[in-house]
Each structure stands twice: as C-alpha cells, then as structure tokens.
Amino acid sequence: MAESFNAQIVVIGAGIVGLNVAWELARRGYGKHTLVIAEYLPGDTSINYTSPWAGADFSAVSGSDKNALRWDRQSYPILLAMADDPQQPFVQRAPSYVYWDEMPSEKKIESMAAYLEDYRVLERSECPEGAVLGVFFTTVKINPPAHCRHLKSMLEQQGIRFVRKRLPDLASAFQQSKAKVVFNCIGGAAEKFSGVQDTKSYPTRGATLIAHAPKITACYSHRTREHATYIIPRPNSGGQVVLGGYQQAHIRTGDTFVEESDSIRARTGKLLPALMDEDVHIMAAVAGLRPSHEGGARVEREEIAPGKVVVHNYGAGGTGYQAGIAMARDAVALVADRELKDLEYTSVL
Ligand SMILES: Cc1cc2nc3c(=O)[nH]c(=O)nc-3n(C[C@H](O)[C@H](O)[C@H](O)COP(=O)(O)OP(=O)(O)OC[C@H]3O[C@@H](n4cnc5c(N)ncnc54)[C@H](O)[C@@H]3O)c2cc1C
C-alpha cells in the first residue's frame, strides 16, 4: 500500500547535498513543508552513500570551472561562520598547507588569493620536494558522519521530516506526497535512477585510512601527477585523522586493498613525519565513491510533467561539503520565487 506523506516539497537524498538543500529550505521558512526521502540516512554506512566517507575540508585542489569557483567562494564564508558557531561542533577552522607538483590554472590561483583568509604563497623551502607551488590559508575541517547526524537533528527541530525509503523512480517522489517540487539530490545514483539516468554521471573512488593521531590539528594536501595525498583531522572525534588518498575515475568498488593502504601510510608519513610517531594508530581502511559529473555538478530545473518541477542537484564529486551550501542556494533559488512562494499560506496535514 502506498504511503502518503503530505509534504509539498520533497528532497530525495540525505547526503550532505540533500541536507544542505533542506537547510536552505528551512532558512527560507519552508521547513514544515519539507520531507526528505532517502534510502540511507545520517548514521548509516554504505558504498551507495558517499557522505560519511569524506575527509572533509575546504580544499584548494577543487575544480577551476566557473561554477566550481563561484560555489567555493560563496560557501567558504558560510563555512567559516559555521566554524565560529558553538552550535556547530563538527565544523572547525584549521591551518591548511596545500602543495602542487603541477601548476594550477591562473584563474584558480587568482580566485583563491582573492578570498581565502590568511592566504599566502609558501617559500620553496617550506614545500615538499617536487612541488612547484605551495599555499597556506585558513580552511575549515569537518567531521562528516557526526556533522550529517547533527544537521539532521537540527533540521528535525525546524520541522523537516525524514523518511527512509528507496524510491523506484523520480516520478514516484510526487506520487508519495502532495509534492509540487522535488529536489533530486541522489548523488551517484543519478547514473541509474529511472527518470534521470544521466550518462555524464560516474563514480570517482577514494580510499582513506582513519588514524588516531590527536596531536595533528592542521590540514595538508599534496597533489602530484600520480596521487592526491591529504591529511584531515576530524573535529570532536576523539583524535581521528583522515589520511588519503586516491582519485580513481570509473572505479566502483568499496573494497579496500592493502597496497593502497600502505601507499597512503607512506605518502602521508612523508608529507607529515609526525604521523610516523609510535602513538599514531591506524583504526580503519575505508573507501567511498565521489559522485562525479562530466562538466561539473548538475544544478538544474526541469519540469517533468505539467506542474511537476524537479530541481536536480547532484554530481558534486569531491566538493559536496565545501561547495554544497552555495549549490543548495542556487537549487532553491531556481524555484523559490515561483512554486514555493505560496506555501507559507497553505497548511500541511
Ligand atoms: C574519500 C573521500 C573524500 C572526500 N573528501 C571531501 C572533502 O574533503 N571535501 C568535500 O567537500 N568533499 C569531499 N568528498 C566528497 C563528498 O563526500 C561528496 O561530494 C558528497 O558526499 C556527495 O554527497 P551527496 O549528497 O551528493 O551524495 P550521497 O552522500 O551519496 O547521498 C545520496 C543520497 O541519495 C539517496 N538515494 C540515492 N538513490 C535513492 C533512491 N532510489 N531512493 C531514495 N534515496 C536515494 C541515498 O540514500 C543518500 O541519502 C570526499 C569523498 C570521498 C569519497
């Protein structure tokens, strides 16, 4: 028997992208009209649920296309404000050192220099061997599993409801509620999800180690020709640090491999020798699939039938935490002035 949820706005997906959309809807006063439907919810783990596997920090090695630069730039001050908010214990400011063996684009460097707090180009002597550029700035580091759980409970306090359900297709999101608008935030499932089946979507596998290293507080990243190596401490995690990693396009396995773990251990130890101290312990090896999309994330409005508006918001790749807030603002703005404006005057059962 079909369940009826009675919500005029449905968000499909409870990864960081869907949670950010729900947050933006609540911020605009639509919380009590919003239902999040997701197969996996904060607190779950699955290879089909990327958000818990992220580092995560605001990284300077994100894309340099126009949207990526804008989403990063718009999200950064909001992330800093969250880090300064005592109600957000799983987002914190941190010093960040980023090195490249190949020069990033001019556009990227100019963009970073224009807004990142405490930005400075590092001296050659401060960079690892092989690096042609190193920069320092203040980043935010995030504890992804805890942050997503925390966001969910804050959203529930604002009237947003969450339902665990695997939807068979896009149209079913309208059938199960009185939805006028559906936000499609299904991450990597966009590749196969009926009604979407986006051939530009593909996974980019990342493997990491979770270490216990409470003395490490700064973030580090070194992009060489072969590898993306990074170190991200997780706030309020009892000393967990994420050591990465890999960027493997079109690889779909959630399995982990000892050669990769050894490589991560060696690379991160070289980048930050303090990680080789005796009191640093490896707690787990994990892998996740970044929901990539050719040409960058898809934030787009589509009317799939008369009066049935979908806003797609997926394909954040390796930037769902750092760019997701601005992506959500764009997504909600695509409907806010039209379909949503009357909802405040309509009661929801
Ligand atoms: C190793 C690694 C490191 C990373 N580091 C960073 C970092 O430092 N900074 C950063 O910004 N990002 C980082 N990322 C990327 C970030 O994790 C992703 O961009 C982000 O998690 C994508 O979120 P999402 O909500 O789009 O997808 P997901 O988290 O996968 O969520 C998708 C949601 O859709 C639901 N769904 C799918 N299909 C259906 C269906 N049929 N019915 C109902 N629900 C459905 C799922 O259940 C889930 O709730 C990293 C990722 C990895 C793997």
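Helix 1 passes helix 7 in a right-handed crossing. In this predicted model, both of these helices also supply residues to the shell around the ligand, at least two from each.

- The axes of helix 1 (16–27) and helix 7 (320–336) are 8 Å apart, and the two helices pack at an angle of about 45°. That angle makes helix 1 oblique to helix 7, since only angles under 35 degrees count as roughly parallel.
- Helix 1 also packs with helix 4, which spans residues 144–157, at an angle of about 30° and with the axes 10 Å apart. Helix 1 and helix 4 are therefore roughly parallel to each other.
- The crossing of helix 1 with helix 4 is left-handed, whereas that of helix 1 with helix 7 is right-handed.
- Another pair is formed by helix 2 (residues 66–83) and helix 3 (residues 106–115), whose axes come within 11 Å and cross at roughly 15°. Helix 2 is therefore roughly parallel to helix 3.
- Helix 2 and helix 3 cross in a right-handed sense.

**Surroundings of the ligand**

- There are 38 residues around the ligand, and those that come nearest are Tyr40, Ser51, Leu167, Gly317 and Gln322.
- Sorted by class, the shell holds 20 nonpolar, 13 polar and five charged residues.
- Four elements each give at least two residues to this shell: helix 1, strand 10 (228–233), strand 13 (281–293) and helix 7.
- For Tyr40, a backbone N or O atom lies 2.8 Å from an oxygen atom of the ligand.
- A polar backbone atom of Tyr321 is 2.9 Å from an oxygen atom of the ligand. Of the 1000 Å² of accessible area that the ligand has on its own, the protein covers 97%.

**Cis peptide bonds**

- Most peptide bonds are trans. In this model, a cis bond joins Gly55 and Ala56, with omega at about 0°.
- Ala56 belongs to the loop between strand 2 (34–38) and helix 2.
- The peptide bond from Gly244 to Gly245 is cis as well, and its omega is near 0°.
- Gly245 is found in the loop between strand 11 (240–244) and strand 12 (248–249).

- Most residues other than glycine have a negative phi. Gln197 is not a glycine, yet its phi is positive, near 35°.
- Gln197 sits in the loop between strand 7 (181–184) and strand 8 (201–212).
- His250, likewise not a glycine, has a positive phi of about 70°.
- The position of His250 is in the loop between strand 12 and helix 6 (258–271).

Note on methods. Residues numbered from 1 in each chain as written. Predicted model: local features only at pLDDT ≥ 70, side-chain atom pairs only at ≥ 80, totals over all residues. Heavy atoms only, no water. Near = heavy atom within 4 Å. Polar contact = N/O pair within 3.5 Å; in protein donor to acceptor, adjacent residues only side chain to side chain. Areas by Shrake-Rupley, 256 points an atom, 1.4 Å probe, with all protein chains shown as cover. Nonpolar A, V, L, I, M, F, W, Y, C, P; charged D, E, K, R; others polar. Axes fitted to C-alpha atoms, helices over the stretch in contact; angles between N-to-C directions. Parallel < 35°, antiparallel > 145°, perpendicular 65-115°, else oblique. Left-handed = near helix turned anticlockwise from the far one by under 90°.
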